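Reader: I would like to know which terms apply to this model and what they rest on. Please set each value against its definition.

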Amino acid sequence: MSAETSDLTKVDSAISGLSSSPPTEKKGHRRASSSAAGVYNINDLEKEGKELQIAKETQKLNWKLNTSPATLDDKEALKKFLTTPPVKKIDLHFPLGLEVTARNLKGVTIKDALDAIHKQFKKKADDELELPVLAGFEWDKEESWTRLVVHQKKEGAPSSSGGKKKDKKKETYDE
């Protein structure tokens, strides 16, 4: 009996030894592959005091919140990072209190932010939205370092600068 018992303890110790080492290796490897280099956690940036800069392209999109971001003409703008330096996730805060989170482990892009907003508004009709067009984002570090304030407007501006030129011509004809 004593020989059998000693064999069992050897087997038990071998199993426990095997089961503890591989999972730690897998976890370490997995974590490294999921995040891209140069992409920060927003909380780390706050600790370091690094300032965020928002992509200017968001102000020129004239995107309706209840339409898919895929319908936008400027496909290149959608691929750009929403902030510099790029972050893994950021909260988007609406003035009325709604808050959505845009996430992307390789860096939140403008498209990621628009997708997160669209998910909240896709079932709303145009007349249900008081301010249906995205005017841009604002980062107010005094209020909250980790979120952007979403600005909206009544309607989209003319898509080309030609509209302004026409107005000037009208003024010259009136004189």
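Author: Start with accessibility: buried means under 20% relative accessible area, exposed over 50%, and partly exposed in between, with a 1.4 Å probe and protein chains only. This is a predicted model, in which local features need pLDDT of at least 70, side-chain atom pairs count only at pLDDT 80 or more, and totals for chains, interfaces and linings use all residues. Residues are numbered from 1 along each chain as its sequence is written, and side-chain values use heavy atoms, with hydrogens and water left out.

Reader: Why is Glu76 called exposed?

Author: Glu76 has a relative accessibility of 51%. The cut-off for exposed is over 50%, so Glu76 counts as exposed. Glu76 sits in helix H3, residues 75-79.

Reader: Which residues is Gln59 in contact with, leaving aside neighbours within four places in sequence?

Author: Contact means heavy atoms within 4.5 Å. With those neighbours left aside, Gln59 is in contact with Ala135, Gly136 and Lys153. Gln152 lies 93 residues from Gln59 in sequence, and their C-alpha atoms are 10.0 Å apart.

Reader: Why is Thr83 called buried?

Author: Thr83 has 1% relative accessibility. Buried means under 20%, so Thr83 counts as buried. Thr83 is in strand E2, residues 83-84. Not counting residues up to four places away in sequence, Thr83 touches Leu52, Gln53, Ile90, Val108 and Leu148. A polar atom of the Thr83 side chain also lies 3.0 Å from the backbone oxygen of Pro85.

Reader: Why is His93 counted as buried, and what makes its approach to Glu99 a polar contact?

Author: His93 has 14% relative accessibility, so it counts as buried. A polar contact is a pair of N or O atoms within 3.5 Å; within protein, one must be able to donate a hydrogen and the other to accept it, and residues adjacent in sequence count only if both atoms are side-chain atoms. The side chains of His93 and Glu99 make such a contact at 3.1 Å. His93 lies in strand E3, residues 89-93. Among the residues that His93 touches, not counting those up to four places away in sequence, are Arg147, Leu148, Val149 and Val150.

Reader: How many helices and strands does the chain have, and how are they assigned?

Author: There are five helices and six strands. Helices (H or I, at least four residues) and strands (E, at least two) are DSSP runs, numbered from the N terminus. Along the sequence their order is α-α-β-α-β-β-β-α-β-β-α.

Reader: What share of the chain is buried?

Author: Of the 175 residues, 29% count as buried.

Reader: Which classes of residue make up the lining of the largest pocket?

Author: Ala, Val, Leu, Ile, Met, Phe, Trp, Tyr, Cys and Pro count as nonpolar, Asp, Glu, Lys and Arg as charged, and the others, Gly among them, as polar. On that basis the lining has eight nonpolar, two polar and two charged residues.
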